[in-house]
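Student: I am new to this structure. Please take me through a few of its features, one question at a time.

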Amino acid sequence: MKFKDLKMSKGHLKLRERFIFLFTLAILCPVDGFLNQSEGQKFLRAYCNTLGYTNINIFLPNSGDAGPISAGVLRSLWKSGIRSLSVRKLDHMSLSENESDLLSSGLNVGFVEHPRDLEFFTNVSDQSVIRDYPWLLFGNISKVMESMDDPYLILDNQVTFAILNNATMSVELKEVYNVAVDLPPKIQSLGKWTSVGQMNIVKTSWVHRRSNLTGLHLRCTTLDQPPFLYLSMPDKDLNVEITGGYAGDVWHTLQDSYSCRQPPDGLWGSPSNGVWNGLVNELLNNNADVVVTSLDNSNARVRVIDFLIGLEEIGYQLVVRRPGLMERTWTSFTSELVPSSWIATIAFALLIPPFLCFCSHFSPQETEKISLKDAYICTVGAFSVQGSWLEVRSISTRIIFITIFLTTLLVYAHYTSALVSMLTVASTTTQITSLQNLLQNGMYSFGFEREISIQSYFENSQGGLFHDVWKELVRDPSNLPATSIEGITRVLEEKYVFMIEENLYRTEFSGVCGAVMIPGKYFIQQTGFAVQKGSPLLKIFNNQLMRMIDGGIFSRLWKAWQPPPPLCTSESVVALNIQQLFTAFLLLVFGLILAVIFLPCERLHWNMVGRDKAFGKSSVGPGNMNPDTPSPSNHFYSHNADAKSNSSPVLEINPSRTVLGISININNSNFW
């Protein structure tokens, strides 16, 4: 029961649709016209089937001169597979305001018998009606245009004209377009339909059919951007000629009739308080039709202009001053070892001498007991690659002794090799390796050329690395250099990091040997030409650019315009000067100053303590002398022995002797 009810409801719906359709026919259907003929009906069915249209809007002019459509025509179209069919009056004044009545995926059918019928489609203000929606207009377009003054159909219109040949009962298909407002319309054939049912029609897009822009003179705006573009010197009106470059060769392939000028402010284009400047402003104010240079495809620019297929993928890199021997004035003699290695070396020099002293005192084989002072002197001598006056006999002491010299040999070998390499060969490593490292370093300022696309990324970022770099290192747009030359100059003269497009740097500044570009790219994006928003030139140029890419023209032109490699060849050995040796001389001077400081301290200590100790050791009587203690020679007496006799030695007392550089007079009686 439910299935039957459902079947009946569907039947009622279909019957209702037919009733509404027949009611519409009774109101709108006329008795006469081209489509009332069987040939007209066959042609429209063949046209829709060939191009795949299943939805049709038929617009009848208010005048009715075109010949209304009979119910039989609509019934024939309905039975031929058309899913949606509507008939309505064409209101020239309101259709552009109600584009919902049009079909973007179907076919809109109209009639052109008088100039006033065509004026609606040639009205520039309603160009979106014929640009975004396909049209088939019945009427002799050539005859109608003869009675019009300067008819204009935009370059990217989707209008096809069907012209009936009564003699042969065939239909010719043509298209009409104007390359520019001031140029006459071009009429070219698209195909033909014969009464036997044969349909020959070009199915390619209008982009491929209308690529011939002969007679079109374009206005371009540009800026010099090697290696993409090279320009002549501008005249008083800022007019320039494109003399070469990668983008210049591409542009000459696309268009040969043009005139170019630079923007008055010389900027690339960025928004400031909602107002654009530079190249973008020239397009927005209709002062130019196309931007011919390497304009970066940024998100902000895409909202107001249209970009063509990118000519090349570019990125921005950091440029810093090339590192050299001058960069390490204070650390020339300390950077050879890392801090942990310095700590280990100092700890070794402090801890190993006590072991040497301990082994020499307690080893029974040692005849010479090494004092702690001599042990430290021996260690310092080892670090200075000097020999030793010590004579060690025991195995334990020899092990300590060999350990000192082998350890110092290893440290010395590494230190001297690194020192010689650093002082004589220029280093290629830089202190700055990335934006994050630049922000953490805190010793450098940062910038890029003013009013380029990446400025908006830094200035408008709400957080993260770019926001921090802008707030801490740039702070204000006025701190940015006006030109790339100014930026590179600041790199060479200050602690400054400059961000620049990689190809521009290689072309313009590869000979600047004092600067170096750090690996790592930022803001990788496409760059190329741009046109006004909605310009029909976009699809035509893109189609030609795709052909050039497929033919390998892009890659060949890019290689041809690449700059030669830089000639910055550094010498294999760099002569040392006082600035590289400054740290070493500073340590030597410090040692001299330290010696001068200790000299009065030593004299004061001698006068207060040292003289008494030295005199006490020297004034030793016969009764106080140890028989095993050898007599001092030539200090207070001379020991003359008769080698030929066995008599006792005679002591000859010298009344005047010198002790540690101080003259002392001693009488015989007082001495003993």
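This is a predicted model: local features need pLDDT of at least 70, side-chain atom pairs count only at pLDDT 80 or more; totals for chains, interfaces and linings use all residues.

Student: Which strands hold C220 and C260, and how many residues apart in sequence are the parts they tie together?

Tutor: C220 belongs to strand β9 (residues 218-221) and C260 to strand β13 (residues 258-261). The pair therefore ties together parts of the chain whose separation in sequence is 40 residues.

Student: What is the handedness of the link of C220 and C260?

Tutor: Both cysteines, C220 and C260, are buried. The angle about the S-S bond of C220 and C260 is -100°, and the link is left-handed.

Student: Is C378 buried or exposed?

Tutor: Buried means under 20% relative accessible area. The value for C378 is 4%, so C378 is buried.

Student: Why do the buried residues of α20 lie on the same side of the helix?

Tutor: The buried residues of helix α20 (residues 553-560) are F554, L557 and W558. They share a side of α20 because they cover an arc of only 100° around the axis. In general, an α-helix has 3.6 residues a turn, so residues three or four places apart point the same way.

Student: Which exposed residues are on the face of α20 turned away from its buried side?

Tutor: The buried residues of α20 have a cover that includes α8 (246-254), β18 (312-321), α18 (502-508) and α19 (537-550). On the face turned away from the buried side of α20, the exposed residues are R556, K559 and A560.

Note on methods: Residues are numbered from 1 along each chain as its sequence is written. Side-chain values use heavy atoms; hydrogens and water are left out. Buried means under 20% relative accessible area, exposed over 50%, partly exposed in between (1.4 Å probe, protein chains only). Helices (H or I, at least four residues) and strands (E, at least two) are DSSP runs, numbered from the N terminus. The arc is that of the directions from the helix axis to the C-beta atoms. Contact means heavy atoms within 4.5 Å. A disulfide is a pair of cysteine sulfur atoms within 2.5 Å.
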